[in-house]
Amino acid sequence: MLEQLGNGLLLGVIIALGSVALSLLYGVTRIVNFAHGEIIAFGAIVALFFSSSPDSTLLYLDRFSPLGINFSTSVILSILLSGVFGGLLELCLFKPLRKNNFGNIAVLVVTIGLSIFLRHVYLLFASAKPTSYILELQRREDYFGVQLTPRNVQVLIIGFAVMVFVGIFLTYTRTGKAMRAVRDSSDLASISGINSDYIILVTWVFSSMLAGFTGIIQGVINNVRWNMGFLILLLIFAGTVLGGIGTSFGAMFGGFIIGILVQLSVGLEFMDGHTEAKNAIALALMIIILLVRPQGIFGSKDRIS
Amino acid sequence: MKKYIIAFFLLVISFLYIFLSNETGGARVFVNLMTFAGIYGLAAIGINVHFGWTGLLNFGHAAFMGIGAYTTVLLIPHSLGREGVVISSGLPLPLAILIGILAAALLGLFLGLPTLRLRGDYLAIVTIAAAEIFRLLVRDFEDLTGGVYGIIQFSDSLQNSRPDFITRFGESYDISPSQFWVGLLTWISIIVVLLILSRLKKSPWGRALRAVREDEDAVRALGKNAVLLKLQSFMLGAAIGGLSGIFLVFNYGTVQASTFVPVLTFYVWAALILGGVGSLAGPALGAVIFWVIIAGTDSISRFLFESPDGQQLAGVRFVIVGLLIMFFMIFRPSGILGKKEELLLDVK
């Protein structure tokens, strides 16, 4: 069972980062964003496009050839572009909807449409078969009894660092405080002179950069494919719900729990030969949590009634 | 009245498009399209009971369709795909269908109990997760469901009841008689279901449901059990979904885990939004128009790519589906036949 712990931590860091981004956006905008997975995939695919060597046939339409930039530059560019992408979504789609008083459910259905649309644009433009970044293969080594490749250890450390950074950002910076203020009560925040449109835009950009980063991490750990965002989205929902939707710390915690649980369940005896069912366990846990403690572990009750 | 005229013209244009764009075999294409439209329309009628009548966001309709289909198919003579078991005896088909529908309603009860107390958007997440759980379990428990190889050779139970004149009619117009029979039964079911629903909608129960959609607290204040009403609506819609799933697998002639993927639900939602949330016949109309649009997107694919493969065809189809859902939700949330006042667009 312990050999799965490494995989669990890796899946956990992906889900935790994705959950923080989703939860932040939900907290500030009240949008249950089903297109979140597609922003994650956006980051991964853009980084793949930037970093793959120009002569590889990566993309479906052969008139585009990858750029072949070095990997770290690609990652930074891709995170920035994910932020721009999220900002554009807010400015071109969600802000007009908000100004026209669209209800939450209407917006939710719109995000589902957006998710289907984007995902299949990726299918048309990016390779349908799972593709890896051009990074050399590494052997697993033993870290305190947990088997991981050196690169995945780096990924874990960077992932943790980013989460600490997000925590500090939300707690101590002016913008972070303003985000939390809008999250708790947008009316009171406006009265205190916070420009809520600006904060929502910042949240979209920030959350999308985080999502894009999540996608790159997912791509490094596993691989890049057109529907990777949708595959991870449900687990991210599970992590968010477990930790408490709208809370950042809870989302991180819930994400890790879900990731570790999914991977550890592979080692269970009754799961023998049922590899697909591991995701079902996480989703079932989410439904049970909703049954016994719908606000999640760290959530407050007023968010769910 | 105006919207019915628009709907009529849209239908006429759609049918003309089918026959004009297929010089040979137009009838065959038409029957194929109408069969799928009927099945998706029936499924959309189920979601309409949830969303249009009661304001419940169900994004896991594929699970209800799937459990209905699997239950029915497993109860009649069938064989599991790829060297699986052959079971040559079983229940009579009508009884199996009835149990299938009940199974879907029971899944509705099982899912509804924990979640219907929660706010609307949670239900969306839970239902989509439940559909995924269902699909993963079906895929993994191969002994029972045939997994990815699925279940085959169950169609005879339905096709044996096909009257001779359908067979003769099919043969003389170059239509697949078995598909024609499935399509015919589907549309008969739609009419029956719509007749029942139109009675229900006008009944005190139907009015109470719409009251739940508008203001749950007010319903509670009047002494009605809002959660129970929602549960009943959830089970009713799930049962209709189960029936549509049964027709779906009889139309394919096989059923695999991949039949009930999440995108199936989104297709049905697109049909519902197109036709008009809350209106009775809207979902069925929406499904017809939706399938004509899907047929149209294939010619877009042929325009974009010289010889599109399955992946490109599916890609273009779903790009259009996503755009349709967004476009209608933003610019005409009431669809072709719906009423804007009848829509629940805000969370409660």
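Predicted model: local features only at pLDDT ≥ 70, side-chain atom pairs only at ≥ 80, totals over all residues.
**Exercise 1. At what angle do helix 2 and helix 9 of chain B pack, and how far apart are their axes?**

Step 1. Locate the pair: helix 2 of chain B covers residues 26–54, and helix 9 of chain B covers residues 177–202.

Step 2. Read off the geometry. The angle is about 30°, and the axes lie 9 Å apart. The crossing is left-handed.

Step 3. List who makes the contact. Helix 2 of chain B contributes residues including B:Gly38, B:Gly41, B:Leu42 and B:Ile45, while helix 9 of chain B brings, among them, B:Gly183, B:Thr186, B:Trp187 and B:Ile190.

Step 4. Sort the contact by class: 10 residues are nonpolar, 8 are polar and none is charged.

**Exercise 2. Find the buried residues of helix 6 of chain A and explain why they line one face of the helix.**

Step 1. Within residues 174–184, the buried ones are A:Ala178, A:Met179, A:Val182 and A:Arg183.

Step 2. Recall the helical repeat: an α-helix has 3.6 residues a turn, so residues three or four places apart point the same way.

Step 3. Look down the axis of helix 6 of chain A: its buried residues fall within an arc of 140°, so they line one face.

Step 4. Name the partners. These buried residues pack against helix 1, helix 5, helix 7 and helix 8 of chain A.

**Exercise 3. Describe the side of chain B that touches chain A.**

Step 1. Count both sides: 39 residues of chain B are in contact with 37 residues of chain A.

Step 2. Identify the elements of chain B that give two or more residues: helix 4 (93–115), helix 5 (120–140) and helix 15 (310–331). Helix 5 of chain B gives the most, with 15 residues.

Step 3. Divide the chain B side by class, and you get 27 nonpolar, 6 polar and 6 charged residues.

**Exercise 4. Are A:Arg30 and B:Asp174 buried, partly exposed or exposed?**

Step 1. A:Arg30 sits in the loop between helix 1 and helix 2 of chain A, and B:Asp174 in the loop between helix 8 and helix 9 of chain B.

Step 2. Check the backbone. Neither is a glycine, yet phi is positive: about 65° for A:Arg30 and near 60° for B:Asp174.

Step 3. Count C-beta neighbours inside 10 Å. A:Arg30 has 17, so it counts as partly exposed. B:Asp174 has 12, so it counts as exposed, the cut-off being 12 or fewer.

Definitions and conventions. Residues numbered from 1 in each chain as written. Chains lettered and ligands numbered in written order. Axes fitted to C-alpha atoms, helices over the stretch in contact; angles between N-to-C directions. Helix = DSSP H or I, 4+ residues; strand = E, 2+ residues; numbered from the N terminus. Left-handed = near helix turned anticlockwise from the far one by under 90°. Contact = placed C-beta atoms within 7 Å. Nonpolar A, V, L, I, M, F, W, Y, C, P; charged D, E, K, R; others polar. Buried ≥ 20, exposed ≤ 12 C-beta atoms within 10 Å, placed from the backbone. Arc of directions from axis to C-beta.
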